[in-house]
Amino acid sequence: MTAGERDLSSFKAYDIRGRVPEQIDEELARLIGRAFADLVKPRRVAVGRDMRLSGPALAVALTRGLCEAGVDVVDLGEVGTEEVYFATFSLGLDGGVMVTASHNPAEYNGMKFVREKGIPVSGDTGLQQMSEWVRGALTAGAPPFAPSGGKVTAADIMPSYVEHLLGYADPQRLRPLKIVADGGDGMAGPVIRRLQEHLPFEFVLLNETPDGTFPNGVPNPLLPEKRAVTAAAVRENGADLGLAWDGDFDRCFFFDEHGEFVEGYYLVGLLAQQALARAPGSAIVHDPRLIWNTIELVEQAGGRPVENKSGHAFIKERMRREDAVYGGEMSAHHYFREFSYCDSGMITWLLVAQLMSVTGRSLSELVGERIARYPVSGELNLELPDAAAALARLRVRYEADAPRVDEIDGLSLEFPRWRVNVRSSNTEPVVRVNLETRADSELLREKTEEVLAVLRGA
């Protein structure tokens, strides 16, 4: 295998992800382990994997590469991504690697990386260097297998992880809510089963057993067919709340008591207010795609809203710089200072369930007024032959009349009654479009159609 023969397109902006074995195989996983060791210079690293059938072999190869470089590996076995984060910061390790492809189809796999304290490794903070290391190693001839200098020890992180999660909710203040919990054949199910031993909730479990063949479809709750399953279960069971996770459960998606999907945008404002009740006056970091609702609620609660580029590496870096108590993205990533500024798909729903319990209000009551005040288009994904030309057309059409224009992430154009953000995806060949208005659904419909037509060059 040479650098010219090896496809390294699996190295993405935030992680490594590709088809197995065409883009990722055991030899590449071994070299990635060596490259991570060269980058971070760790002594001890956590390695976990999700339920994908290719996971065990890739994790073994990755571990071998780490050990060849003299790194001791803490083998977490089959876990979710945030359990790798938790192990890294709670055990005082020097790094962590999660073998996962999140919500991608079964033939995909990949890896997510963190340094000490759960600090992410992304394209700008090390993934590019790792790619160059691998390419250099292949150019010189893949390094031979080396005697293992590091040792491997197994660790069960679940008990301490569950104990940590329970610290975010007071069992004495929780009501016996009925909750539909759709694990999507991913890694959320085992955690929910452990949590339910300690909580007064009645869970209706769907697809809770991890299964890398994905018998119930790809673990992506944003797909209409996947949403429909969770929504129907909420209605059929008369549940108070519906939850669904992606494969590695770092994102949690919400359905109200009517089975209606709640856009992640509105959860950001809700969780920000809760965080500010715990830490008055703190900074709240949010992404630039949709902002008006978040800014208003944060300022009302006495907090300081901080707008920052989308993407977990960028959000986490800014949170550390600002010592922000919470960060949220409309894409359903929620970050917590108490969780070493990492994102969690479990802490999120525990906080919402506690808020519902304490206030006695349903989720639709908690977010309904905000949805009416700031209606949104939902994220619209356009496959365009020339994204740069499309954004140029948008500028020509609107920029001169926009009181505020920014390029924090993509292009945002803000007017008194409506706002749009357009950005190229870091992970897919699409342009993502988000619009919001001030309590005007008809204007939202009109401007959405108008913006899409401009982008398409119609």
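Let me start with valine 430. Leaving aside neighbours within four places in sequence, valine 430 is in contact with Asn381, Leu382, Glu383, Arg423, Ser424 and Ser425. This is a predicted model, so please take every contact I mention as a contact in that model.

Where does valine 430 sit? It is found in the loop between strand E21, residues 418-424, and strand E22, residues 431-437. Asparagine 381, one of the residues in contact with valine 430, is 49 residues from it along the chain, and the two C-alpha atoms are separated by 6.0 Å. Is valine 430 buried or exposed? The relative accessible area of valine 430 is 11%, and the cut-off for buried is under 20%, so valine 430 counts as buried.

Next, lysine 447. The place of this lysine is in helix H14, residues 441-456. At 14% relative accessibility, lysine 447 also falls under the 20% cut-off, and therefore it counts as buried. Which residues does lysine 447 touch, once neighbours within four places in sequence are left aside? The answer is Trp418 and Leu435.

Now the cysteines. How many disulfides are there in this model? The count comes to zero. Cysteine 252 is in no disulfide, and the nearest cysteine sulfur, that of cysteine 342, is 17 Å away. A disulfide would need the two sulfur atoms within 2.5 Å. Cysteine 252 is buried, at 2% relative accessibility. Cysteine 67 is buried too, with a relative accessible area of 4%.

Let me step back to the whole chain. The protein has 14 helices and 22 strands. Its radius of gyration is 22 Å, close to the 23 Å that the globule rule gives for 458 residues, so the protein is as compact as a globular protein of that length. Along the principal axes, the C-alpha atoms fill a box of roughly 65 × 55 × 45 Å.

What share of the 458 residues counts as buried? The figure is 59%. Among contacts with a separation of 6 or more, 68% are between residues 24 or more positions apart. The pair of valine 430 and asparagine 381, 49 residues apart along the chain, is in contact.

Last, the surface and the charges. The protein exposes about 17,400 Å², and carbon and sulfur atoms supply 49% of that area. There are 50 positive and 67 negative side chains. The centres of the two sets lie 3 Å apart.

Conventions: Residues numbered from 1 in each chain as written. Predicted model: local features only at pLDDT ≥ 70, side-chain atom pairs only at ≥ 80, totals over all residues. Heavy atoms only, no water. Helix = DSSP H or I, 4+ residues; strand = E, 2+ residues; numbered from the N terminus. Rg over C-alpha atoms; globule rule 2.2 N^0.38 Å. Buried < 20%, exposed > 50% of the residue type's maximum accessible area, 1.4 Å probe, protein only. Contact = heavy atoms within 4.5 Å. Areas by Shrake-Rupley, 256 points an atom, 1.4 Å probe, with all protein chains shown as cover. Lys, Arg positive; Asp, Glu negative; His and termini not counted. Charge placed at Lys NZ, Arg CZ, Asp CG, Glu CD.
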